[in-house]
Amino acid sequence: MTYSTLFFDLDNTLWDFNRNSVVALNDIHTIYRLDKYCSFEDFLPVYQKHNHIVWDLFKKNLISVEEVKSGRFLNTFEELEINSEFFDIKTLGKDYLNILACKTIIISGVKETLDQLRKSYKLHILSNGFIEVQTNKLKNCGLLYYFDKIITSDTVGFKKPDARIFEFALKETNTSKDEVIYIGDEFETDIIGANNVGIDSVWFNPDKIKAPDGEKEATFQVESFIELLEIF
């Protein structure tokens, strides 16, 4: 297969969400003086649990974007018995996203690999994130100029793995299914999403996770980002 265009997920594919989010949450814990109620070591796993829960509900279209932004903190505070009435949760949620977007840890090998890929391919972002936040992440970590289009679920109205967000991306970039490939780290959203619309995929799988039983495999699988240069 000859490809002309590569679509990339952003979080934990290019930009190290896991590490950046811990640093940003630590900042929030300090700024809002949450140490009066619990240590950061106690706060972090509870937040991560509730963040996972609300994002899962969001992916299933069961809650709104605003409920994601506030619910993860409200539910964390409730479990930790922190009175949320002492805080402006909406502002806290905005502060977290603004701080998060300023963090600049990227996946190992990303810049070296993109430097090579951009010589031969058109590169785009296709993400379930929020457009302003995702654009700022790319800008602040020096990756924005690699990509022609930044396509996010909040602007399209559909989320991966819904085929419609991929179909929108094809129209937006004037490309066809047989000339593009999608690269992402989450099998359930990225690979199944690509399969849903009938395009090839690369599963970036550094943790060597087993694919769900019964699902069509990715076209390719890599454990390090620079391995993409062995495919393209």
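N61 is exposed, with a relative accessible area of 56% (exposed means over 50%, buried under 20%, partly exposed in between, using a 1.4 Å probe and protein chains only). N61 sits in the loop between α2 (40-59) and α3 (65-79), where helices (H or I, at least four residues) and strands (E, at least two) are DSSP runs numbered from the N terminus. Its phi is near 60°, a positive value in a residue other than glycine.

This is a predicted model, so local features need pLDDT of at least 70, side-chain atom pairs count only at pLDDT 80 or more, and totals for chains, interfaces and linings use all residues. Residues are numbered from 1 along each chain as its sequence is written, and side-chain values use heavy atoms, with hydrogens and water left out.

N12, also not a glycine, has a positive phi of about 65°. It belongs to the loop between β1 (5-8) and α1 (17-31), and N12 counts as buried because its relative accessibility is 18%. Then there is the peptide bond between K160 and P161, which is cis, with omega at about 15°. P161 is in the loop between α7 (153-156) and α8 (163-172). For background, most residues other than glycine have a negative phi, and most peptide bonds are trans.

Zooming out, the protein has 10 helices and 6 strands, and 48% of its 232 residues count as buried. Its C-alpha atoms fill a box of roughly 55 × 35 × 30 Å along the principal axes. As for contacts (heavy atoms within 4.5 Å), 66% of those with a separation of 6 or more join residues 24 or more positions apart.
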